[in-house]
Structures are given as structure tokens and as C-alpha cells.
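Hi there,

Here is the structure I promised to pass on. Have a look at it first, and then read my notes below.

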Amino acid sequence: MIDQVTVFLENSTGHLAALCKALGDAGVSMHALTVADTASYGVVRIIADEPARAYEVLNAQGFRASLTKVYAVEVADEPGGLARLLESLDTADINVEYAYCFSTNANKAVDVLRLSAAEGAEEAIAAAGCRLLTPDELYS
Amino acid sequence: MNIQQRAAQPIFNPKFECASRDEIRCFQLQELRKQVAWAYEKVDYYRQNLDAAGIEPGDIKGFEDFSKLPLTDKTALRDNYPYGLFAVPLDQIIRIHASSGTTGKPIVVGYTRQDVEEWRYCIMAMIQQAGVVPGDRAQMAFGYGMFTGGFGLHYGLEGLGCMMIPASAGNTERHLMMIEDYGTTVLVATPSYAMHICEVGEELGFDWQKSTLRVGLFGGEPCPPKLKSEIEKRMYITCTDNYGLTEVMGPGVSGECLTSRDQQHIMEDHFYWEVIDPESGAVLPEGAEGELVLTPLQKQGVPLLRYRTHDLTSVTTVPCGCGRTTARMNKVRHRSDDMLIIRGTNVYPSQIEDVLADVEGASAHYRLLVDDETGLDRLTVMLELLPFAFTDSFAEMESFRVQVADKLKGVLQVSVEVKLVEPGSIERTMGKTQHLEDKRKR
């Protein structure tokens, strides 16, 4: 499992920019970033090369950040790749709370998953022919 | 008895503060009659008002007669800005102060040398109630300036024999340094600024348990009970809050003793109090909640007769466990003029404060916004999240938000929007905290 940086963000102008600048100034590099929002606030989820430092930098600058354990799965970047993984999790009765994907090179994609249960998750991922990425592999 | 002797005993002026109710009342009536005569003789405004009501100073034989006098409202001070209500020539005034004046012009008050002395006396008696003793080192975090809090407390603390550290407002890190280097024992601040000093100190690794600080003298804004107990716990001090308003003098009208922690002893040798029905103006019986009306008893510069504070409270004359017999007022939590009407329902900001105090995960900082953009009144409560209440799950955050909104609706009987905001995004002020913004157009 890897550490995702989760940040609470108000829906107001300039806040996301300030967050990114804080990380940029600290020399933290982001691999992926998603923003999910409600009418009044948002939650930003970040995969960064140094999650622990990102967490420290953000909290020190007054952001409300936390670290969340998520699965990073390497999936073949081809039609049906993600579907196979999700079916396998479904068979194991594991629910996906949220997911987002990014490509690292021409034929591989990384799916970041937050799952309802840890038990049986690794087996289900392996059964779909996918590979769990270690922090070292992902952040390098 | 001189001040040193007074300051050395547990009660500043036991002869008055522990007198029988009859003695206190008798003294007040005698002073009140002199004060009405003074105002009538020296200030046109009162002479015209009393003439119009068909009352002469000599008609005041008892408190019932006094309660027939017209009430005085803040508008009288505004309309007569700056010097219209002064009772003495300006060369007898040695200082003026002005209120913050959040709406329109400020109001100005002036003090003769005797007024300044009486004020100093009130502060000395008040801070002694709060456990301050000669030799304490008192650090001022109020701003000096037109606001009465800074100079008022300053001279009273000096008078009692404390070492004053006139740091003034702002520069929190400097305050922390001074507390540590000068061995400060008493902090004078607004409760919200004290909380800010506490938080900044914690962030910088300041060890409050080891600090010399032992008493917080709070004023300038009402102190919510949760904020007070939080500061006491985190800073390892005893927090007391005091009450006063510029119009009648400044701080020193009433203050907490160490026995009745949710009430404040009124300086009855300097102020006559009444509690009225804010709608009808009728005087209410002792113990009933209503609007506090104050009349300073010896004020020379700017006498005030029956001044409407708009602060809602109730008063008891039951003797206190601390030994004092002076009346105690319940701490003011809301004002008759800060009531909000949201879609026809009366809402006091203090009710919201009380609900939030019971919500785990909400910090003591909040802000209220009222608008009518959608055509209907809408009350939005902005709430800072504590670290442990922030989770990665929208479902949990939403359920927290909805739970707060439901609790508020249950108490206020009107639905409320709850908005979660980032920590620190609600402004910490050094003066009065403005919790409310009303953007309604109609």
C-alpha cells in the first residue's frame, strides 16, 4: 500500500494554487492529483514522491492534510484492463470507495484504489493479473 | 486605609463589599439623588428630558421614583457627539475615550480627575476579586488607544501594585517571548486573542505548564464557557472575565470572583443597576432575565441616567460564597440588539455557540453569515475542523456536517447551512471578535 496525501480545501479562489505552490516551493513532485468537491468544500488527493514531507509541509502552512493508505495497481493500458480488476474485487466482495487512474508510460496505467476492506484485496488484485506497486516503484 | 493595606487583604473594600443589603441600598439612593441633580443641573439633554417628563431631581425619594426617569440610549451619545453630554468645561476633563463605533460615528466619553480615580478604584477591586495580588506581573495584550480596556486595566493594575508590562496588542511571538523572559503572571487580553497566543505558543513548542502565567483577565468581548475552560486547560491558568462598557466608564463595572465562576459582582458602590423588559421598558423583579440598565453613581464628566446596555442578563443579591454581598449578574451571553430574525424565528448567536461547544471535532472558532440571495433568509455557520475530525471519506465528513446542522435546527427551530472551512481561515482578532456578517439587502 502507498501513502496518499489528502487535503481539505475550501471552495474559494486561489486555494488550490496556494496548495500546489507550497508543494512546489518545498520541491515535492506530484504524480497525480484529483479534486472532488461538494457545494462548499473539496478534498484534494495527491500522489507525491515524498508523501510524508508533503504532509508536513502542508500542515505547517496551515492546510488540513492527512495521509491515507491506498492501493496503487499497475494495469495494462488496453481496453478492458480496469474492468477485469474491478470484477475481481467485486467477486471478492470488496467495494471501491474511490479510484483514479494515471498513465506512466505508453502501455501501463496506474490505478489508485481506496478499498472498503484490506482482507483478500491483494489476492483479488493478483487474480485479475495485475500487480501491486510498492512505494519505491511508484515514487521513483 | 491606604491602597497598600487594602491590597493586602482578601477583599479590597470589605466595609462596602460585605455590607448588608440595606446599607448598600441606602448608600446607592443617596448617591443616585446627587447624581440626578448633577445631570439635571449641568446637562441640557437631561434637563429637557426630565422637564418633559414632569420630574424634578427633588422628586426622587426612592428607587421607584428613579425608575420613572426616561431611559438613555446610545443614540443620545451619538446625537450629541462629541461633547454635547459633558457636564463640566473641557479644561476639567483630563482624558477622553471613544467606543469602537462599528456602526456610524463613535461615541466619546470624558473623565475628570475624580472620574479617573473612581475608575482606578473599580479596577483594583475587580482584579483583586479575580485573584490578582500586589507584585503580580501583568502583561497587557489590549491595545492602548481610544478603547477603554488598555488604559483602564493598566492604571488599576499599577494602582494595586502590580508590575505593568505594557506590551499592547499584536505581535504574538513577542508576547510569548515577554511572558517567558519577564516572568509574566497575569495576562490581560480578549479571550479569543488569549486562545491565539496559546495556539501559537503550542506550535512553537512553548511549555505552558512550566510558564509563570497564572491568571487571565479577559474582557472586550463575551467569553464563551467552552473557550474559557479550553484556555484554562491548555495554558494552565485561571481565567476570569470582567464586564464593562465605554459609555458608563469602561471595564470595571463587574467582574468574576473565584467562587461564582459564571457570575460577576457588580461594583455597586459605583453603579446602580436595574433589569428591564427590553420591549416595554418596565423594571423586572430580581432574578428575571432582561436588559441591564446602569447608572454610574459618581460620574462627573459625562453623567448617564438609566443607560440601556442592550446586554441581557439577570441579577441576584443573594450573598456570595466569597463573602461579598454585592449583587452578582449572570455573564452576558447575548444582547437584545444582536438577535437575528431568520425567516421569522428569533436566533441569538450565543445559542449557536452553545450547540457548537458540544460538537466534538469543531474548534471554538466559528463565523455566521446571513444573506437573502435566494430570496429567503439564509443563515450559514462556518466551522473550522479540528485535525481529528478531518477524514478522507466524504461520507463521514458529510455525516459530520449534517449532524451539526441537525443539532442546530433542533435548538434554533430554523434550518441552517453548515459549511466546513479550513483551520485558521476564521480571523483571530485582538479586539472584539466579529462573528456575524449580515448581508441581507432588505
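Strands here are DSSP runs of E, at least two residues in length, and they are numbered from the N terminus. A:V35, for one, is found in strand β2 of chain A. Please keep in mind that this is a predicted model.

Now to the place where the two chains meet. On the chain A side 22 residues are in contact with 15 residues of chain B. In chain A, the residues that lose the most area to chain B are A:F8, A:Y41 and A:R64, together 45% of what that side buries. Between chain A and chain B, the buried area is about 1,600 Å², and carbon and sulfur atoms give 60% of that.

What about polar links across the interface? Six residue pairs are in polar contact between chain A and chain B, counting pairs with both residues at pLDDT 80 or more. The count of salt bridges between these chains is one. That salt bridge is formed by A:R45 with B:D392, and their closest N and O atoms are 3.0 Å apart.

As for which parts of chain A touch chain B, at least two residues each are supplied by β1 (2–10), β2 (30–37), β3 (41–48) and β4 (64–76). The largest share of that side, six residues, comes from β1(A). Sorted by class, the side of chain A that touches chain B has nine nonpolar, eight polar and five charged residues.

Over all chains, the structure holds 33 salt bridges. One of them lies within chain B, where the side chains of B:D44 and B:R47 meet at 2.5 Å, N to O. Both residues sit in helix α4 (residues 44–53) of chain B, three residues apart, about one turn of the helix.

Finally, two backbone details in chain B for you to look at. Most residues other than glycine have a negative phi, and most peptide bonds are trans. B:Y81 and B:P82, however, are joined by a cis peptide bond, with omega about -5 degrees. B:P82 is in the loop between α6 (74–79) and β1 (93–98) of chain B. B:R306 is not a glycine, yet its phi is positive, about 50 degrees. You will find B:R306 in the loop between β11 (290–296) and β12 (307–313) of chain B.

Best wishes

Note on methods
Residues numbered from 1 in each chain as written. Chains lettered and ligands numbered in written order. Predicted model: local features only at pLDDT ≥ 70, side-chain atom pairs only at ≥ 80, totals over all residues. Heavy atoms only, no water. Contact = heavy atoms within 4.5 Å. Buried area = accessible area lost by both parts, 1.4 Å probe. Salt bridge = Lys/Arg side-chain N within 4 Å of Asp/Glu carboxyl O. Polar contact = N/O pair within 3.5 Å; in protein donor to acceptor, adjacent residues only side chain to side chain. Helix = DSSP H or I, 4+ residues; strand = E, 2+ residues; numbered from the N terminus. Nonpolar A, V, L, I, M, F, W, Y, C, P; charged D, E, K, R; others polar.
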